[in-house]
Amino acid sequence: MSRALVILFSLSLLIRLLLIAHPGFKADIAFWKWWGKVAVEEGVTATFNHTNYPPVYVYVMQATSWVYQLFAPLDGDYWNDHNFLFLLLIKLPYIAADLGIGWMIYLILKQTIDDRRLKIGVEDKRSKVENTNPPSTLHPPPLSSILNHPLSSIPLFASAIFLLNPSVI
C-alpha cells in the first residue's frame, strides 16, 4: 500500500471522527435512542410496531444501547442531543463501512488499471506463451459456443422424453 493511500485513508478517518459530535437529524437520533432503549429493556419484538426501519436494524440499535449502558445509564444524559458516547457508538460501524468501501474501490481501480496495462501491451509471461500457441491447443471452446450449437438441444430433448415416458426407449 502506498504512502499516499495511507494518508488518504487517515485523513478520511480523521474527518469522520471529527464529525462524530455533530448530531445530524435530531429526530432520527431520538428515535434510535428510544428504539434501542425499548429493545434492551423489553426485547426487540416490542419495537416492531413502532419502527420504520427493517427489523434487523433494531438489533443494531439494541446493541448500541446495550454497549452504551455499560458506560452510562439509559436515562438522563442519554437523551441529550449531543451525547457523544451514543453518537460515537451509533456512527462507528458506518465509519468502518465507509473505510471498507473505500478499500474495495481502491482494489477495483487497481485491478482495472492493471488490466488496462495488460491490454495496452505490458504482458506477463503466461500471456506471451498463450499468444505463441494456437488457442485450440490450450483452451477448449467455451461452453457457450457448445450450448448454442443447433444440435446441442438433441440430448436434452431426448432426456426429457425419457424422463416423461421411460417406455419410449
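Me: Which pattern does the chain follow when read along the sequence?
Reply: The chain follows the pattern α-α-α-α-α-α-α-α, with 8 helices and 0 strands. Helices (H or I, at least four residues) and strands (E, at least two) are DSSP runs, numbered from the N terminus. This is a predicted model, in which local features need pLDDT of at least 70 and side-chain atom pairs count only at pLDDT 80 or more, while totals for chains, interfaces and linings use all residues. Residues are numbered from 1 along each chain as its sequence is written, and side-chain values use heavy atoms, leaving out hydrogens and water.

Me: How is an aromatic pair to be read, and how many aromatic pairs are there?
Reply: A pair of aromatic rings is described by the distance of the centres and the angle of the planes. Rings of Phe, Tyr and Trp (its six-membered ring) pair if their centres lie within 6.5 Å; planes under 30 degrees apart are stacked, over 60 edge-to-face, and the rest tilted. By this rule the count is 10 aromatic pairs. Phe9 and Trp103 are edge-to-face, because their ring centres are 6.2 Å apart and their planes stand at 70 degrees. This pair links distant parts of the chain: Phe9 belongs to helix 1 (residues 3-18) and Trp103 to helix 4 (residues 84-120), 94 residues apart.

Me: Which aromatic pair do Trp103 and Tyr106 form, stacked or tilted?
Reply: Their pair is tilted, at 5.2 Å centre to centre and 35 degrees between the planes. Trp103 and Tyr106 are 3 residues apart in helix 4, which means that about one helical turn separates them. Of the 169 residues of the chain, 19% count as buried.

Me: Which residues do ring pairs link into a cluster?
Reply: The cluster consists of Phe31, Trp32, Trp35, Tyr53 and Tyr57.

Me: At what angle do the axes of helix 2 and helix 3 cross?
Reply: Axes are lines fitted to C-alpha atoms, for helices over the stretch in contact, and angles run from 0 to 180 degrees between N-to-C directions. The axes of helix 2 (residues 26-42) and helix 3 (residues 55-71) come within 8 Å and cross at roughly 80 degrees. The two helices are therefore roughly perpendicular (65 to 115 degrees; under 35 is roughly parallel, over 145 roughly antiparallel, the rest oblique). In their contact (heavy atoms within 4.5 Å), residues of helix 2 including Trp32, Trp35 and Val40 meet residues of helix 3, among them Tyr57, Met61 and Trp66.

Notes: Buried means under 20% relative accessible area, exposed over 50%, partly exposed in between (1.4 Å probe, protein chains only).
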